[in-house]
Every structure is written in structure tokens, then in C-alpha cells.
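Student: I would like to learn how to read local features from a model. Can we go through them one at a time?

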Amino acid sequence: MVRKAVRSAVSQAAETALEKVAGLEAQRAPGVPGAKPPTVKEPTKPVEPLPPKPDQAAPERRTPTGAETIVPREDMAQQGKFLTTSTGARLRDSDHSLKAGSRGPTLLQDHHLREKITHFDHERIPERVVHARGAGAHGVFVGYGNAKPICQSKFLGRGVETPVFVRFSTVLGSRGSADTVRDTRGFATKFYTSEGVFDLVANNIPVFFIQDGIKFPDVIHAGKPHPDREIPQAQSAHDTFWDFVSLHTEAQHHTIWNMSDRGIPRSYRTMEGFGVHTFRTVNAQGETALVKFHWKPRLGVHSLTWEEAQMIGGIDPDFHRRDLYDAIESGAYPQWELGVQVFEDTADETFEGIDLLDPTKIVPEELAPVQPIGLLTLTGNPTNFFAETEQVAFHVGNLVPGIDVTNDPLLQTRLFSYVDTQLTRLGGPNFNQIPINRPHAPVNDMLRDGFHQHAVHSGVAPYKPNSLDGGCPFFAGAARDGAFVDVPVRVAESVKERDVPVSFADHYSQARLFWQSMTPVEKQHIILAYTFELGRCYEQAIRERQLLALAQIDPELCFEVAAGLGLPAPVADGPLPDVVPSPALSQLGQEWPTDGRLIGIVVADEGDLDGVQDLVETIGDRGMVALVVGPHGGKLSDGTVVQRTFGTGRSVEYDALLVAGCPAPAPDAIPVRDHKVDDPTQPLDPRVRLMLEECFRHAKAIGVWGAGADALAAAGLPADAAGIVTGAAPGEVLDEVQVLMRSHRAWERFAPVEATV
């Protein structure tokens, strides 16, 4: 089994995987919009199309049937210096339609107008019903080689590099919704393996609302905006959602995860991923095991506070996708380890009394450790969002030899639903021929014709058996030729029925396990989330019903939420189950790398700028990103480039704040220009004071030196509070702040509220 693999071998393989991406060019200051700086005047000299930016990558150029080509990726983009029609005819004007005289009607014969408008009218495809809001990136997966005892899949072999495309997403919102809403996130990975495409279609929460896929339309209809008003958008704080989950109590486990900090990740880079279901793996000897897949972020699991999420929704609704793209552009390549929990493939498919086919249940990591089997690194941003991120088509049935499904009733429905969805969204059965979906393995599927057929098939006999095409294609031998084999699992004798196993009836013990595993500050956040969400419901009966469900989870949780709603707290129907807390479920208590974290440096134009430029370079050398925040754009008196101004920068963008001076109110610090300015007569610019107050309130690290201590005092913040560093020199302050950032936040700054139950 994997757990018997030598740990040093895993560590060595991880180092090898890191070395494979270490040579990629790093580019600091993210956010560059184009490959070349623009000129003030409109260019008039014809030039060839500019190449993609260094951080951008396109799908590898393959034929529709998976063969490699010598065509460079960039040649898939537009060609030539001149504007043309879609068939290559050069155009001299695209600003004026063809008319009968300058003031006359537009002529039907204007073929360019009709082509341009017709294409525009059909630019959009139906958005996904769920996971419509997403962001994607290219990368590479490198296997550690230690999964061989349980899985024969070649992409897991030691040092094997597999191209991947990953799409992160929210579930409930439309394409135009905000990134930082409280919601489940998708974490879908397409592995372009040598044996075919493998899609691991995961979420950032390891359980789901329902046990059987037949309920999926119900939970989504309940979570989506109300059908009469189409509100609220991208959130669960409304009556229909809570009506459903308070009646359909198997949803309570997923719900408490969503009400926790897991529902509002700080970044895709600090988000776990879970395959949710139990899968079956098979090794080269035909031996099987049951596994659960986990993605573990190298930066640790980290979330936004509720206030930060609300602020960001208005300041930068694209916060998560921007963070992902900027990290890749600046060379802070996001990484996750793929791990597995491994279970013996027994007839009852259970482990320690936990039904492994129940998608509303987890197996605590203390009972079955997650064992790393490979490293994922995202190294390239999309060249074109529509062609790649929007058209990528995932399917849980895209499997490779060594990995198979189980009888999880939710997984079984997904095997049907994904293909059905792509037929509608992508206009026909040939969606796997779209470049982003093309396999990197030879394809000879005998499928023909249909909308958007890109391949030009030869031969006359797309059927089997045949002799006219020489018998081709032939069947592959299971072991000799690496064929995919549906594991011959014995199906127990039974009857047709619409029912569930008795083991599926426990809806509360694991929700209680999750609650009991939280730290005091995390419990307070869960109480706040339930109180807010239920407070947004109109019907009191729904609030009371959900409180009854919370009573079955924990009396403290129920009492505190009821107090916030102004309602009496019900009591549980009977004794609550005894559970053993799982520390692995908490996000707190460990230290993590600071790679790619953003540090804001507040400076005054004429203040003490000594060491600021060195500080920026040091932060970059340590794998983080520095953003200088000044009173105006451009450059400061010493030549330091300003990335954010007091008017455009907000605390929620930074993981920590360094203050190099006590800047007086800038010229634009007047209420008529900036509503964040409440009193422009104070010695400290009001926007800087607000930034400091918010960082303090959100438990972020703050470092000051020199006149920065005066700014701290002007903001009314105690210099001796947890997570605040004062020093004489920028370098020593940065050292201490970086140590604090490894824990993500200084929650000890605030004493947790004691329960009153």
C-alpha cells in the first residue's frame, strides 16, 4: 500500500518536481495587460500580431485525433498584419457600413457587416447551469511514483510529467457574479495523460449536499436565485435554500462546511480540493483498493474574513481570478500535492464504520492519513478565456487505466449528466475535438460526423468487425496493450428499488464532528455565518426549522445563532453522538510558505524613503510580491515606482502591511473626490488610517519603522498588540512580519467570545 512507501523517496520526488518548474522565468509586478507597452498615439505602421505575454500559454497543438504536430502554439492565434474577413480577404475599413450614400440606408450586400454582426450575435454559448463563474490555468503534474502498489496509471509514475488544465469556479452564481461570495468552489483538473484524458472533477468541500444524484436539480434550484425575481445572485442567504436544507437534513454536513471559513477562500492558491467520491483503483496485478483524492495547497488553507469578502465584492469582483493570474505572471507558481486516502476494497465498502459510498461523509485524516502521490504546478495563464476556460469540458467518466468509479449514487448520476451538459453547451457531440479538450493520446473511436467535426476521417468502415479497412481499429489486450478495464466488481443479489442503505440515515454526527474540530475563532465565524444567512430569510418558520437542525449538531451553536435571530433555542431530540475531533479539519495551528503573498508598503512622498527600494527587491527575492502604496501614481522623489495610491489601494488586497512613514493627507484627500476621506485635517491621510484599521481588524500582520510608528499612533492602534511589529530598520521588520505571515493571521489579537450556554 502507499502508506508503506519510504517517506524520503516522496520528499526526493517532490524536490525533483519543483526543479522541473524552477527554471521558468519569473516576472515580478503582475498586471501587465499586453505583451508590449503601448504608445500614446495610435500605431499606424503595420506589424505582425504581438506574441502572447510570457505568462500565457495555449493548448498544445494537437490534431483532432490526438496526434502531435509541428505547428507552434502561437500559430493557432491570428496571423498577418492586416484585418481580414474570416476567409482571409483583406479589409480597408471596419468602421463604416456600406450605405446608399453617406446618409442613405445600409445595403444588404455588405458582406463584411453581416459576417461581423452575425459572428458577434453568436459569440456566447449557453453558460454552465452550475460552476458558470470560473478561471483556468495551464500547468504540469509530476508523479512521485509511490502510487504503484495501488494504481497502474502511468501518469502517477516517478518523474512522469503530464500537462494539465485546471478550472476553478463557484457553484451558484452566473458568469457575471463576484468571486468572493460564500459558496462551494469547483477544482476541476484535466490531465492530458499518455493513456488518454483523466478528469478529476473536485470541489473545495469534501462532502456534498445530497446522497443521490436524483436530488441534484432540487438542491441547485433551491440555491439559485428565486425564479420570480432572479435574486439573490450567487448566494445561499435566502428562503429557498434554507427551506430545502432544513427539510432535507442530509445536507447539514455540507452546509456547516459552507458556513465555515471554507466557504470564502482567501485565494484559489490557498484552497483545498477534494474528489468527494470514493474511487476504485487497480494495480498491474489486478488488485484493487478504494481511494479518496485530495489536493493539498503548498501555501496552506486560508480564508477571507466575512467583512473582507463583502468589501472585495464591491472593490474587485474578480479578486480570485486576478490573484491566480497575477501569481502566475509574477512567477509565484501555485502548487498543490495530490494525495490519497487508501482503504481496503472490502465487500461492504466501509471503513471504521463510515460508508465510503455516502458522499455526505468524510473519513478523518487521523484515521486514514492523506498520502502524497504527485505535485501540480500551474505555470501558464490562458491566451484566450473563451477558447480555453469557457470551452473546457470536464467529465467524471474521463478515466484512464488504473482508476475506476464506484457505486456512489451521486457519482453514478454525474457519469450521465456531464456528457449531456456538453451536448447542449458546446453544440454537438464533437466537443472533445475543441483544442483545450483534445487528448494527447492517439484517438481511433469510429465516431463520425455531427456538428463541428474537425477531423477528416479516412477509410470506409467505421464499424466492427470489418475487413475493408484491414480490420482496423483493433481491440486492445487488457494487460499487454494497456486497455481500460471496468473492474469486475461483484454486484450483490438484490431487487430493483428506490431506497438508500441504512448507513445513509445518519445526517448529524459528521456535522457535529466538524463543529467540534474547529478552534474558538472558527466557531465564532460559523455562528456569524448562520446568523447572517438565516437573518436574510423572510419566513420565520424556516429559521425555526433550521435551528432544530442545529440543535442536533451542538447546543452552543444553536444557542448563539438563536440569540442572534432573537428566537428561543430548541433542544436536541435526544443525546448527541460522541465524536473525536479531527484537528486536520481546522485551518489554523500550522505554518505555511509565504510564496506569492502580497505585501503593501505605505510610503510618504517626501518622507523617509531610505531602504524602501531595497525592501521591494528583498520581498521579490523571497518569492513574495511588493506593492508600493503612495499618495499619487507614477514615481516618488527617489524614483520608487508606485503601484497603488491611497485612493485606489485597499487593505483587502494585501496579506500584510508595512508602513514606512506617516503621510499627510494627499491633495485628493477631500470628501468630494473620495468618500473614504472623513476628516482631511488629521496628520495622517484618512485612507491610510482606514487601511491600518482594516488590517488590524482583519488580524493581518502590520510592520512599522521610523515615522511609521507615528502613523500607527495616529490610527489609534496599540503598538504592543499581537501581530504588530515595530523596529528601527525595514529589513528587521520584514523578517518578523514574514514569520507572522506563515500563520496567515494573528487571531490571538482578539480574545474569543466565551459561550454562554
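Student: Is C151 buried or exposed?

Tutor: This is a predicted model, and its relative accessible areas are computed. Buried means under 20% relative accessible area. C151 has 6%, so C151 counts as buried.

Student: How many disulfides does the structure hold?

Tutor: A disulfide is a covalent bond between the sulfur atoms of two cysteines. The structure holds zero of them. Take C662, which is in no disulfide: the nearest cysteine sulfur belongs to C695 and is 16 Å away. C662 is partly exposed, with a relative accessibility of 23%.

Student: Now a strand. Which residues point each way from β2?

Tutor: In a regular strand the side chains alternate between the two faces of the sheet. In β2, one set consists of G134, G136, H138, V140 and V142. The other set, pointing the other way, is A135, A137, G139, F141 and G143. Both sets are buried. With 10 of the 10 residues of β2 (residues 134-143) buried, the strand is largely enclosed by the rest of the structure.

Student: Which strand is joined to β2 by nine bridges?

Tutor: That is β3 (residues 161-170), and the two run antiparallel. β2 also pairs with β12 (residues 371-382), again in the antiparallel sense, over six bridges. H138 shows both pairings: its bridge partner in β3 is F165, and its bridge partner in β12 is G380.

Student: What is the strand order in the open sheet of six strands?

Tutor: The order is β16-β15-β14-β17-β18-β19, with parallel pairing. β16 (644-645) and β19 are at the edges; each has a single partner strand, so one side of each has no neighbour in the sheet.

Student: Which residues of α17 are buried?

Tutor: An α-helix has 3.6 residues a turn, so residues three or four places apart point the same way. In α17 the buried residues are P730, V733, L734, V737, Q738 and M741. They cover an arc of only 135° around the axis, which puts them on the same side of α17. These buried residues pack against β14 (598-602), α14 (612-621), β17 (656-659), β18 (701-705) and β19 (724-727).

Student: What span does α17 reach from its first C-alpha to its last?

Tutor: α17 (residues 730-741) has 12 residues and reaches 16 Å, close to the 16 Å expected at 1.5 Å a residue.

Student: What should I look for in the backbone torsions?

Tutor: Most residues other than glycine have a negative phi, and most peptide bonds are trans. A699 is not a glycine, yet has a positive phi of about 65°. A699 lies in the loop between α15 (686-697) and β18, and is buried with a relative accessible area of 0%. H744 has a positive phi near 75°. H744 is in the segment after α17 and, at 7% relative accessibility, counts as buried.

Student: Where are the prolines P465 and P473?

Tutor: Both P465 and P473 are in the loop between α9 (409-425) and α10 (509-516). The peptide bond from K464 to P465 is cis, with omega near -5°. Another cis peptide bond joins C472 and P473, with omega about 5°.

Student: One last residue. Which residues is V641 in contact with, leaving aside its neighbours within four places in sequence?

Tutor: V641 is in contact with V628, G634 and K635. V641 lies in the loop between β15 and β16 and is partly exposed, at 41% relative accessibility. As for I434, V641 is 207 residues from it in sequence and 43 Å from it in space, C-alpha to C-alpha.

Terms used: Residues numbered from 1 in each chain as written. Predicted model: local features only at pLDDT ≥ 70, side-chain atom pairs only at ≥ 80, totals over all residues. Heavy atoms only, no water. Buried < 20%, exposed > 50% of the residue type's maximum accessible area, 1.4 Å probe, protein only. Helix = DSSP H or I, 4+ residues; strand = E, 2+ residues; numbered from the N terminus. Pairing = 2+ DSSP bridges. Expected span 1.5 Å × (residues − 1). Arc of directions from axis to C-beta. Contact = heavy atoms within 4.5 Å. Disulfide = S-S within 2.5 Å.
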